[in-house]
Amino acid sequence: GGGGGGGGASAGGQWDQFAANKNMFGIDTTFDESQYTTTIDASKGGITEAEAARIAREIEGQGSSNIHVQEERGQRTTVDYDEEERYGAVIGTGAVSGGAH
């Protein structure tokens with residue numbers, strides 16, 4: 001495990017970039033998610049986690065004609081289209097459905 005030397009391997013052998021920075025450069029790194037995103041108070045959400053999961057399943061089960069949404073919902077596998085069709089072709093030009101590129 002570890003990789004690259006520098007003392008970044010934890011006891012389990014997995015790479016730990018924070019340990020490596022501390023060992024190699026003396027930098028003690030911390031991470032506070034609230035500095036990068038809005039903290040949500042789940043107790044003020046108005047619904048339970050189970051209800052939110054039910055709603056998510058309902059949404060994810062709905063069909064869509066958008067290939068990107070279909071991929072995210074597991075309704076279409078990435079082998080159905082090549083990379084150009086999935087990420088490069090402009091939807092609505094015909095290229096996605098097999099038309100000219």
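The following questions and answers go through a predicted model of one protein chain.

Visitor: What percentage of the residues in the protein chain is buried?
Guide: A residue counts as buried when its relative accessible area is under 20%. The protein chain has 101 residues, and the buried share of them is 11%.

Visitor: Of the contacts between residues at least 6 apart in sequence, what percentage joins residues at least 24 apart?
Guide: Contact here means heavy atoms within 4.5 Å. Among the contacts in the protein chain that join residues at least 6 apart, the share joining residues at least 24 apart is 4%.

Visitor: Is Gln-70 buried or exposed?
Guide: Gln-70 is found in helix H3, which covers residues 67-72. Leaving out residues up to four places away in sequence, Gln-70 touches Ser-64, Ser-65, Gln-75 and Arg-76. Its relative accessibility is 10%, and the limit for burial is under 20%, so Gln-70 counts as buried.

Visitor: Which residues are linked in a network of salt bridges?
Guide: A search of the whole structure finds two salt bridges. In one, Glu-51 pairs with Arg-54, with the closest N and O atoms 2.8 Å apart; in the other, Glu-58 pairs with Arg-54 at 2.9 Å. Arg-54 takes part in both bridges, so the network links Glu-51, Arg-54 and Glu-58.

Visitor: Where do Glu-51 and Arg-54 lie?
Guide: Glu-51 is partly exposed at 29% relative accessible area, and Arg-54 is partly exposed at 36%. The two are three residues apart, about one turn of the helix, and both lie in helix H2 (residues 49-61).

Visitor: How are the rings of Phe-31 and Tyr-36 arranged?
Guide: The structure holds one aromatic pair. The ring centres of Phe-31 and Tyr-36 are 5.5 Å apart and their planes are at 10 degrees. Planes under 30 degrees apart count as stacked, so the pair of Phe-31 and Tyr-36 is stacked.

Visitor: Which residues make the nonpolar surface patch of about 320 Å²?
Guide: Met-24 is one of them, and its place is in helix H1 (residues 17-25). Met-24 has 45% relative accessibility and so counts as partly exposed. The patch is made by Met-24, Phe-25 and Ile-27.

Notes: Residues are numbered from 1 along each chain as its sequence is written. This is a predicted model: local features need pLDDT of at least 70, side-chain atom pairs count only at pLDDT 80 or more; totals for chains, interfaces and linings use all residues. Side-chain values use heavy atoms; hydrogens and water are left out. Helices (H or I, at least four residues) and strands (E, at least two) are DSSP runs, numbered from the N terminus. Buried means under 20% relative accessible area, exposed over 50%, partly exposed in between (1.4 Å probe, protein chains only). Patches are made of residues with over 30% relative accessible area and no salt bridge: like charges are joined within 9 Å, nonpolar side chains (Val, Leu, Ile, Met, Phe, Trp, Tyr) within 5 Å. Accessible areas come from the Shrake-Rupley method with a 1.4 Å probe; for residues, only the protein chains shown count as cover. A salt bridge is a side-chain nitrogen of Lys or Arg within 4 Å of a carboxyl oxygen of Asp or Glu. Rings of Phe, Tyr and Trp (its six-membered ring) pair if their centres lie within 6.5 Å; planes under 30 degrees apart count as stacked, over 60 as edge-to-face and the rest as tilted.
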